[in-house]
Amino acid sequence: MKRTINGITCDTVTATEIIAEGHGCSLAWWGLYQTPGGSFFKVVVGTDGEVADWALMAAEQTKKMVEKYAPHMIEKVFGSAAAASDAASSELRITVQVPVCLAQRIETVAADQGISVDNYVVHSIEKTLAQEPANFC
């Protein structure tokens, strides 16, 4: 199954499955996945076999779900404390000045989507860069 959400391709075939839970004898199930680009998404299928929900998930939301439903996967998905520390040092903070009205729009859209401003901005940049040739990173 494949969908594009906010410019991020969410494909259950190419993504890494983190959790998949079925519901007995019905067709209902849900799954949590990570795209090759690192974004998380969830798919929920109802008892009729139809997709009921398909959404991007913030890293914090994903971590909470993994802690609750598959705690044995935490280190594999998010790394050990040492790996998390190394990952944090491989990130770069960029400060960008934007007009107040644009900042307000970004905050509103992020809140409507249930994700942080940081995640919204990163997803927006990923979406834009996906249209450019990959000559770096």
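Student: In what order do the 4 strands of the open sheet come?
Tutor: Keep in mind that this is a predicted model. The order is β3-β4-β5-β6, and the pairing is antiparallel.

Student: Which strands stand at the edges?
Tutor: β3 and β6 do, each with a single partner strand, so one side of each has no neighbour in the sheet. On average, neighbouring strands of this sheet are turned by 10 degrees against each other, direction ignored.

Student: How many bridges join β5 to β6?
Tutor: There are 6, and the two strands run antiparallel. As an example, Phe 41 has Leu 56 in β6 as its bridge partner.

Student: Okay, what about β1 and β2, how many bridges join those?
Tutor: 4 bridges join β1 (residues 2-5) to β2 (residues 8-11), again antiparallel. Lys 2 sits opposite Asp 11 in β2.

Student: And which residue takes a positive phi in that hairpin?
Tutor: Asn 6, with phi near 50 degrees; the hairpin has 2 residues between its strands.

Student: Switching to helix α1: which of its residues are buried?
Tutor: Thr 62, Met 65 and Val 66. They cover an arc of only 100 degrees around the axis, which puts them on the same side of α1. Glu 60, Lys 64 and Lys 68, on the other side, are exposed.

Student: What do the buried ones pack against?
Tutor: They pack against β3, β4, β5, β6 and also α2 (74-78).

Student: Now aromatics. How many pairs does a search of the whole structure find?
Tutor: It finds 3. In one of them, the ring centres of Trp 30 and Tyr 69 are 5.1 Å apart with the planes at 70 degrees, so that pair is edge-to-face. Trp 30 is in strand β4 and Tyr 69 in helix α1, 39 residues apart.

Student: Is Trp 30 buried or exposed?
Tutor: Buried, because its relative accessible area is 11% and the cut-off for buried is under 20%. Tyr 69 comes out at 41%, so it counts as partly exposed.

Student: Why is the pair of Phe 41 and Trp 54 called stacked?
Tutor: Because the planes are at 5 degrees, with the ring centres 6.2 Å apart. Phe 41 belongs to β5 and Trp 54 to β6, 13 residues apart. Phe 41 is buried at 0% relative accessible area, and Trp 54 is buried at 10%.

Student: Which residues do ring pairs link into a cluster?
Tutor: Tyr 33, Phe 41 and Trp 54.

Technical notes. Residues are numbered from 1 along each chain as its sequence is written. This is a predicted model: local features need pLDDT of at least 70, side-chain atom pairs count only at pLDDT 80 or more; totals for chains, interfaces and linings use all residues. Side-chain values use heavy atoms; hydrogens and water are left out. Buried means under 20% relative accessible area, exposed over 50%, partly exposed in between (1.4 Å probe, protein chains only). The arc is that of the directions from the helix axis to the C-beta atoms. Contact means heavy atoms within 4.5 Å. Two strands pair if DSSP finds at least two bridges between them. Axes are lines fitted to C-alpha atoms, for helices over the stretch in contact, and angles run from 0 to 180 degrees between N-to-C directions. Rings of Phe, Tyr and Trp (its six-membered ring) pair if their centres lie within 6.5 Å; planes under 30 degrees apart count as stacked, over 60 as edge-to-face and the rest as tilted.
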